[in-house]
Amino acid sequence: MIHSLWMRLLLAFMLVLGVALGGMSFLASRSTTTEFHGFLERRTEVGFRRFLEGVSRYYTENQGWSGVQVFVERGAQLTGDHVLLADNSGTIVADSDGTMMGQPVGRLQRGASVVVKGTKVGTVYLNPGRDPGPPPGQAPGPAPEVSGAAFLTSVNRSILLSAAAAAVLALVLTVVLSRRILRPIEALTAAARAMERGDLAQRVPVKSSDEVRELAVAFNSMAASLARNEDLRKNMVTDVAHELRTPLSNIRGYLEAMRDGVLAPDAKTLDSAHEEAIHLSRLVDDLQELALAEAGQLRLDRSATDLADVADRAARALGPQASAKGIGLSAEIPEGLPPVDIDPGRIGQVLQNLLSNALAHTPGGGSVTVGARRAAGQLEVWVSDTGSGIPSEQLQSIFERFYRVDPSRARSTGGSGIGLAISRQMVEAHGGRIWAESDVGRGSVFRFTLPLAGSQGGDGRPSAARSRKPSGVRSV
Ligand code: ADP
């Protein structure tokens, strides 16, 4: 319980609150006491000085101390002090309490002199019982009266009560607020537990606009990606089985037909069976490559490479296929492009895959172009065709493994449905991005970016952007 976030939040709030309220109460109480003492001292000092003047005026007017008791009593009533007045012989002639009249001053040594025309005529003692030190006017004043102490006690009590009430209110608010703060986290925990049990459809509500919202958004996107991967994993097994079954059953069919004498084991039949075996092994190779790439274990042999060379090689490899279909295949690689930091073999594979897809989906008489340009500190490479195009809602999905826009054409194009998935992994392994743009019925453009090799001087713009045909590639 003590380790729960809620409890720790609560304790943290209470600690901060305790320190704040305690500190505030202490400082408020201390400054009230100091200010109040100062006020009392100032008030007593002024009052006492006036009283002394009054006493000396009394002496002048009455030529002595007779009847001064009433005057002293009245003065003492005004201030609430105990006042004694002694004559020059040290005998008490007035006592505001009326108890020490006629007695000698004795040990009450420190009083304030009453002076008339430069001559001392008596001494006034203030609060003799409490003896706070030197009398007013000569040094720090007397201690505050009893009512002052009571006042201070009551002020301090009020401060304490207010602090206690604030603490209780804060405790209630803390409980309510911490519960509110933690509610989305509890929802996240519940959703995560449900996901652990296999319910990947769990999502949490995204309400607030703080860090918890970001956590909820991140959680939801993680859950969506897990669900998607789980779907892909499930589909993968089915897809792989399906993909392997077709060439295998074809090979089996050829072998059985030859064994039963239905087909002659001539070169044509053997070629067909061989083609199926090649397709099968290409599929297995692709799958292994994809698995490696998805696990981030693809080994890249990178070096500063001129993309024009890689594009030339890829186009040359696909040249015969293009000519056979009557498709014009050309390259538009401007001269002076900076070298890219790539594994030429892997990027060549990407280009061949894109070119072969383009040729497969472009009717005779169409054209396929490979091009490149410098864009935003990278090199953007594209393969465009004038083929069938891809519906926009499928442009994202085609990069997923085994995805085919037209499943019925599955193997008629010879594709395994993982070419683009591998291409994406390879481009991303280079730190690039791949995407497709398309216009159904008019053609598609596949683009990907590649990092430039090291830092290049100049702006990297091609000095002479001209269209050129790679050697060995024929336009039809
Ligand atoms: P495949 O091996 O089947 O070609 P890919 O992963 O290379 O698999 O491509 C996935 C799907 O994307 C293809 O089945 C095809 O439907 C679609 N596709 C890829 N390139 C093009 C293109 N240039 N024009 C039209 N459709 C394309």
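Val381 has Phe448 in strand S11 as its bridge partner. The two strands concerned, S9 (residues 378-385) and S11 (residues 443-451), run antiparallel and share seven bridges; strands are DSSP runs of E with at least two residues, helices runs of H or I with at least four, both numbered from the N terminus, and two strands pair if DSSP finds at least two bridges between them. The model is predicted: local features need pLDDT of at least 70 and side-chain atom pairs pLDDT 80 or more, whereas totals for chains, interfaces and linings use all residues. Residues are numbered from 1 along each chain as its sequence is written, and side-chain values use heavy atoms, with hydrogens and water left out.

S9 and S11 belong to an open, mixed sheet of five strands ordered S6-S8-S9-S11-S10. Strands S6 (328-332) and S10 (434-439) each have a single partner strand, so one side of each lacks a neighbour in the sheet.

Aromatic pairs (ring centres of Phe, Tyr and Trp, the last by its six-membered ring, within 6.5 Å; planes under 30 degrees apart stacked, over 60 edge-to-face, the rest tilted) number four. Phe51 and Phe71 form a stacked pair, with 6.1 Å between centres and 20° between planes. This pair joins helix H1 (residues 5-62), which holds Phe51, to helix H2 (residues 68-79), which holds Phe71, across a separation of 20 residues. Together with Tyr58, Phe51 and Phe71 make up one aromatic cluster.
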